[in-house]
Number of protein chains: 4
Amino acid sequence: VTPGFRYLRRVQFAETDVAGVVHFSWLFRYMEEAEHALWRAAGLSVAPRGAEIGWPRVAASFDFRAPLRFEDEFAVVVRGAQATRRTIRFDFLVERGEEIIGSGSLTAACVRRAPDGGMQAADAPADIVARILAVATPPA
Amino acid sequence: VTPGFRYLRRVQFAETDVAGVVHFSWLFRYMEEAEHALWRAAGLSVAPRGAEIGWPRVAASFDFRAPLRFEDEFAVVVRGAQATRRTIRFDFLVERGEEIIGSGSLTAACVRRAPDGGMQAADAPADIVARILAVATPPA
Amino acid sequence: VTPGFRYLRRVQFAETDVAGVVHFSWLFRYMEEAEHALWRAAGLSVAPRGAEIGWPRVAASFDFRAPLRFEDEFAVVVRGAQATRRTIRFDFLVERGEEIIGSGSLTAACVRRAPDGGMQAADAPADIVARILAVATPPA
Amino acid sequence: VTPGFRYLRRVQFAETDVAGVVHFSWLFRYMEEAEHALWRAAGLSVAPRGAEIGWPRVAASFDFRAPLRFEDEFAVVVRGAQATRRTIRFDFLVERGEEIIGSGSLTAACVRRAPDGGMQAADAPADIVARILAVATPPA
């Protein structure tokens with residue numbers, strides 16, 4: 001079993017496509033669901049109501065090895081996370097039992113909402129980063 | 001050809017499911033896309049940036065007659081609209097050429113954003129309703 | 001607590017929209033997820049691999065009372081089901097704690113795959129219907 | 001204007017999220033929609049009914065520079081494509097007017113459907129690849 005924070009999920013019908021497998025775009029949503037579950041496991045929310053900061057994704061990638069199908073049960077494993085002053089990058093492995101479905105990463109950047117509704121890059125609060133990394137980083 | 005405001009669309013791959021046809025939930029999005037195109041045809045937006053009022057859906061239904069498939073071209077026809085003091089109801093027919101795919105309706109209610117982020121029922125502005133009905137109601 | 005088969009769910013980020021609430025189309029997917037969980041609870045799958053019959057939706061409706069928001073936990077309750085020779089109709093209530101989010105229904109029709117890839121209406125197998133109704137119908 | 005095959009699109013309401021912008025997962029669907037439009041421009045379909053070969057995605061990535069918002073009109077530009085014996089990689093730029101929204105790529109692999117419903121890697125048919133590259137590769 002791959003070490004790391006694990007998010008368990010089952011494939012829903014609406015996530016499949018005419019090729020008979022999960023549409024590739026869902027792997028990005030699965031990764032995000034796992035990341036947000038990790039925020040909750042750290043006692044946080046990625047988007048508390050009325051928050052002044054937010055965490056839009058600035059990069060996302062996935063490499064597909066095997067398809068998922070309707071009703072498959074699988075795990076999204078957060079294998080690690082790395083922070084810079086303004087971003088957190090999460091690395092994922094998706095597994096169905098012992099089989100690797102694929103691997104990918106998401107990078108979220110901290111932004112502050114501007115009065116006009118826009119977003120400005122902001123430093124990531126140190127306490128938030130520390131709590132996320134504590135859950136996301138497997139102990140040595 | 002069914003009279004009414006017409007919104008033309010093509011089925012995208014991600015909208016299909018393992019049964020080989022468009023997932024039923026997409027018909028609700030197709031109806032909404034057509035409704036929003038109608039707002040634009042009336043010189044309006046259903047959700048202008050910073051708007052104090054909004055139009056959440058309070059009822060939605062669809063009856064399915066025939067399936068849509070990948071790359072099909074189809075039309076969502078707004079057959080009519082009816083307003084009450086606080087709601088607008090739109091009736092739709094979805095057609096692929098001469099074939100009827102199904103019919104349905106959406107009812108949107110006017111709400112005003114409360115300071116706490118919640119929504120309160122509000123009277124629909126008369127000028128907005130008049131412009132919507134002018135586009136949505138086929139001339140007698 | 002409303003009696004009936006219960007499916008528990010949490011709102012995911014991708015299910016929200018710019019109005020700050022769950023997009024209305026997701027309530028239809030939530031109902032379907034609950035229905036498919038009920039099939040599993042009955043020892044069945046709505047779409048086993050290689051199946052000759054399928055269950056497309058022929059009608060769907062929902063009435064919205066209150067919005068769901070990001071990370072809300074809620075229950076989709078299957079309040080009952082009714083069968084005809086070729087269809088099964090499921091009735092749902094969506095609840096967040098004691099609060100009613102809305103109610104709706106889905107009607108699925110039994111079809112047999114034709115050799116050309118099309119679908120033909122078919123009688124619903126009696127044993128499948130009996131097992132579904134046993135789970136979906138609260139005891140008197 | 002960036003040279004390449006252009007696919008024009010407008011942001012739909014259901015594609016936004018509670019942060020007020022397009023959910024990041026949609027950029028992957030926008031790229032795929034553009035790719036499939038390119039197949040049509042080449043006189044082909046990525047998934048003709050009854051086809052024995054298919055083109056699942058084996059890699060996908062996107063780097064986000066600026067957010068898209070409800071009703072924005074934008075272009076997905078296919079900047080180029082490269083083929084190997086079994087794959088085609090497409091590179092994309094997403095633009096709103098002169099502003100760059102982001103860039104990404106999709107790699108599709110040719111597979112042949114096995115009798116058991118699975119997929120096996122297959123050589124990409126030379127005529128298909130030639131027609132795709134002719135549309136995807138801007139003339140020097």
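Helices (H or I, at least four residues) and strands (E, at least two) are DSSP runs, numbered from the N terminus. This is a predicted model, where local features need pLDDT of at least 70, side-chain atom pairs count only at pLDDT 80 or more, and totals for chains, interfaces and linings use all residues. Residues are numbered from 1 along each chain as its sequence is written, chains are lettered from A and ligands numbered from 1 in the order in which they are written, and side-chain values use heavy atoms, with hydrogens and water left out.

**Stop 1: an arginine in chain A**

Select A:R9, which sits in strand β1 (residues 5-10) of chain A. Its relative accessibility is 14%, so A:R9 counts as buried (under 20% relative accessible area; exposed is over 50% and partly exposed in between, with a 1.4 Å probe and protein chains only). Now show what surrounds A:R9: setting aside neighbours within four places in sequence, A:R9 is in contact with A:E15, A:W26, A:Y30, A:E33, A:D72, A:E73 and A:F74 (contact means heavy atoms within 4.5 Å).

**Stop 2: rings**

How many aromatic pairs does the structure hold over all chains? There are 36 of them. Rings of Phe, Tyr and Trp (its six-membered ring) pair if their centres lie within 6.5 Å; planes under 30 degrees apart count as stacked, over 60 as edge-to-face and the rest as tilted. Pick A:F62 and A:F64: the ring centres are 4.8 Å apart and the planes stand at 65°, so this pair is edge-to-face. Both A:F62 and A:F64 are buried.

Hop to chain D for D:F24 and D:F64, an edge-to-face pair with 6.1 Å centre to centre and 70° between the planes. This pair joins distant parts of the chain: D:F24 is in the loop between β1 (5-10) and α1 (25-41) of chain D, and D:F64 is in strand β3 (residues 57-64) of chain D, 40 residues apart. D:F24 counts as buried at 5% relative accessibility, and D:F64 counts as buried at 15%.

**Stop 3**

Most residues other than glycine have a negative phi. Check B:E71, then: its phi is positive, about 75°, although it is not a glycine. B:E71 is in the loop between β3 (57-64) and β4 (73-83) of chain B and counts as buried at 15% relative accessibility. Over in chain D, D:E71 has a positive phi near 75°. D:E71 lies in the loop between β3 and β4 (73-83) of chain D, and is buried with a relative accessible area of 16%.

**Stop 4: two helices in chain C**

Display helix α1 (residues 25-41) and helix α2 (residues 126-136) of chain C, whose axes come within 9 Å and cross at roughly 110°. Axes are lines fitted to C-alpha atoms, for helices over the stretch in contact, and angles run from 0 to 180 degrees between N-to-C directions. Which residues make the contact? From α1(C) they are C:L38, C:W39 and C:A41, and from α2(C) they are C:I128, C:I132, C:V135 and C:A136.
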